[in-house]
Structure formats: structure tokens, C-alpha cells
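Please read the following note beside the sequence and the model.

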Amino acid sequence: MNITRIEAIPYAIPYTHPLRFASGEVHTADHVLVRVHTDEGVVGVADAPPRPYTYGETQRSIVEVITGLFAPQVVGFGILDRERIHAVLGRTIHNQVAKGALDIALWDAIGKSLGQPVHRLLGGYGDHLRVSHMLGFRPAQELLAEAQRFGAEYGITTFKLKVGRRPLALDIEACHVLREGLGDEAELYLDANRGWTANEAWEVLRATDGLGLTLLEEPCDAHEAMSRRRLVEKSPIPVVGDESVPTAGDASRELLSGGCNAICIKTARSGFTEAREILGLCTGLGVDVTMGNQIDTQVGTLATVAFGAAHEATGRRAGELSNFLDMADDLLAEPISIVDGRVSVRDAPGVGAEIDEEKLARYRQDR
Ligand code: MUC
Ligand code: MG
């Protein structure tokens with residue numbers, strides 16, 4: 001079954017509640033829907049969320065690199081030529097999200113062609129992921145109200161708090177208010193998106209000592225290697241690499257140089273193929289992983305669930321799966337439900353993301 005055509009469709013869906021964090025903010029999901037067509041009518045689908053503040057890609061750059069550069073290189077390959085396609089895409093540096101979406105769409109086509117759900121092809125370990133909800137920048141009492149609402153409505157008990165603000169007291173207060181309001185049972189961890197220096201992060205760790213925080217993600221820029229390593233050595237909780245580790249090579253470098261000691265895997269920027277390489281590295285070294293959220297739509301979230309549920313190590317912790325709840329709409333025909341704090345895998349062939357064509361026609365930007 002050969003690839004005949006690749007579509008990269010820009011679309012825009014507004015957020016009802018914008019998400020704000022140290023490296024940027026999101027008001028509209030201005031994403032790209034990627035479709036890989038084959039000569040037997042099977043179509044693989046994936047979502048590409050541009051994150052200029054994280055990887056330098058924009059909606060237009062993703063459309064251009066997929067249609068102008070990758071499609072001519074990949075059309076004609078069989079859908080099972082996954083490694084060869086990976087090697088061809090690897091000749092172009094960066095463009096992680098564009099490459100990730102192509103890879104996921106390819107896996108989707110493979111699953112559909114075999115009549116198998118991709119979570120089973122990837123590993124078939126479990127049938128769900130517990131949900132961690134990401135809380136963006138807001139005053140402390142509003143954060144608590146949001147966490148309590150997500151707890152009551154969806155049964156979510158794990159929360160990642162976006163931090164990295166100055167003065168540090170804003171985030172320190174939020175940590176104390178959340179712990180006090182949510183009680184000891186809730187899991188709380190932090191993601192600073194490089195907003196602090198290493199010394200500032202250390203100050204926050206000291207000021208939140210005793211609150212039982214479990215992880216500290218990208219506290220400062222990983223390029224500041226010396227201060228980052230010193231922080232990782234001193235930190236009583238794992239320091240998670242996220243935007244510093246989109247590829248297996250990046251993950252190796254950061255782990256071996258002491259830039260982090262846990263890894264956030266995001267299918268949106270690593271695809272399934274590279275995410276598996278990163279996961280293998282982590283399980284081999286005994287390093288904890290989390291399943292992160294690239295501020296994904298429901299289409300993107302299903303990919304995270306398929307990968308996360310497929311492997312034992314990625315299913316241990318709650319995955320970040322709930323940001324789509326802040327969007328006004330989505331392209332997924334059958335919405336994801338979060339029940340008892342979990343999202344289940346779909347047992348349809350492929351990744352399970354059936355697109356609502358009417359909604360796509362409404363939100364696409366190229367017509
Ligand atoms: C995260 O974990 O950092 C914010 C920026 C981005 O690239 O992903 C999100 C969430
Ligand atoms: Mg992060």
C-alpha cells in the first residue's frame with residue numbers, strides 16, 4: 001500500500017479559556033491536520049500543534065515543510081517503509097512537530113490497513129491512562145477553584161501547575177494554596193517552561209519544601225548547562241526535561257550530562273517512532289517518564305493516549321490529557337470523555353481519530 005498524497009490543512013478553533021505559561025500563551029488552536037493518502041483508499045490522520053515559542057514552528061511553516069519539502073520525498077513509499085521514511089525526514093533538521101504528525105499519520109494508516117488499533121501495535125499494555133490536568137497562570141484562588149472543579153467533574157486528582165513567574169512569591173503562594181485546598185491525596189507537580197534561573201528554581205524548591213511536590217519540569221533553560229546540572233544534583237525531586245528533549249539524541253545528551261533525571265514524552269513533537277526510541281532509552285536507564293501535552297486537541301490527545309497506554313512505563317503516571325476541555329470545539333467526530341479521572345483507548349483500527357468533515361470545512365483556513 002503506497003503513499004499517493006499528503007495534505008496539510010491549516011485550521012483554527014478558539015479557546016474558551018486561554019492557557020498562559022512562562023514561554024507563551026494560547027488563545028486559538030491554530031493547528032494543522034495532516035492526512036496521508038494511499039493508493040488503496042486508506043487515509044492516516046494526525047494533528048500538528050505549532051509551538052513557535054518551543055520549537056520555532058508556525059502553522060505556515062508546518063504546512064510549507066510538509067507540502068513543499070516532505071511530501072515530494074515521501075510520496076511513493078509504502079506505508080510499512082516507516083524507518084526509511086524516518087531516515088528521509090531526518091535529513092531535514094528540526095521541524096519536530098511536522099515530522100511527528102507525519103509519523104503518527106503513518107502509524108494510523110498502518111493500523112487501519114491491518115484492521116488493528118495502534119495502541120495494540122505499539123505494545124498493547126493497557127486500555128487507559130489516568131489524567132493529569134495542566135493549570136496555567138492565574139491567581140492562586142482561581143487555580144484552586146479550577147482544580148476543584150476538574151476533580152469534581154472528571155475525577156482528576158493529579159495537577160501540573162505552570163510556574164516560572166516573577167516575583168517567585170506568586171508561584172510559591174499558588175503551590176501552598178493548592179496543597180491546602182486539595183489535601184494530601186492530590187498529586188501536584190510544576191512546569192516552569194524555562195521561566196526561572198536555576199537559582200530561582202532552587203529558591204522555590206526550598207520555599208515549597210514539605211508540600212509533597214513530585215516533579216519539577218524545565219525549571220530553567222537547559223542550555224545553561226552548569227547551573228542546571230547543579231540544580232538537578234541538589235533537587236530532592238526529579239527534574240524533568242521537556243522542550244529540551246524532543247529527540248532521542250537530545251534525551252541522551254540531557255540525561256548523560258545531568259541536565260535532567262526524568263523525561264517528558266510528547267507524541268506531538270516526537271511521533272510514535274521517536275517516542276519509542278526515547279522510551280527505550282529511559283526504561284534502559286531506569287529514568288521516569290511522563291506523557292506530556294503539547295496543548296493538544298482531542299485528535300492529538302488520542303495519540304498520546306494510544307502511546308501512553310501501550311507501554312507499562314508510560315502508564316505508571318497520569319498523562320496530561322485534558323487541555324482540549326478549554327477549546328470551544330474540536331475536529332474529532334466522537335468526543336473524548338474523561339471518566340473517573342481516566343481516558344480510555346479507542347479500539348477502532350488506527351489511532352481512532354475519526355474526523356468530523358463538516359467541522360473541518362467550518363474551521364479550515366485554506367478555503
Ligand atoms: C508543557 O508541558 O510545556 C506549553 C508549551 C509547550 O510547548 O507545551 C506546553 C506544555
Ligand atoms: Mg513542559
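1. The centres of domain 1 and domain 2, taken over C-alpha atoms, are separated by 23 Å. Domain 1 covers 3-115 + 355-363, and domain 2 covers 120-344; these bounds come from an automatic or database domain assignment.

2. This is a predicted model, in which local features need pLDDT of at least 70 and side-chain atom pairs count only at pLDDT 80 or more, while totals for chains, interfaces and linings use all residues. Residues are numbered from 1 along each chain as its sequence is written, chains are lettered from A and ligands numbered from 1 in the order in which they are written, and side-chain values use heavy atoms, with hydrogens and water left out.

3. In the interface, 41 residues of domain 1 are in contact with 42 residues of domain 2, contact meaning heavy atoms within 4.5 Å. The buried area is about 3,400 Å², and carbon and sulfur atoms give 64% of this area. Buried area is the accessible area (1.4 Å probe) that two parts lose on being put together, summed over both.

4. Between the two domains there are 2 salt bridges, a salt bridge being a side-chain nitrogen of Lys or Arg within 4 Å of a carboxyl oxygen of Asp or Glu. Asp329 and Lys359 meet in a salt bridge through their side chains, at 2.9 Å from N to O.

5. Which elements supply the side of domain 1 that touches domain 2? Those with at least two residues each include β1 (3-21), β2 (24-38) and α4 (96-114). The element that gives the most is α4, with 10 residues. Helices (H or I, at least four residues) and strands (E, at least two) are DSSP runs, numbered from the N terminus.

6. The whole structure holds 26 salt bridges. In one of them, Asp191 pairs with Lys160, with the closest N and O atoms 3.0 Å apart. Because Asp191 lies in strand β6 (residues 187-191) and Lys160 in strand β5 (residues 158-162), the pair ties together parts that are 31 residues apart in sequence.

7. The peptide bond from Arg166 to Pro167 is cis, with omega near 0°, and Pro167 is in the loop between β5 and α7 (168-182). His94, a residue other than glycine, has a positive phi near 55°; His94 is in the loop between α3 and α4.
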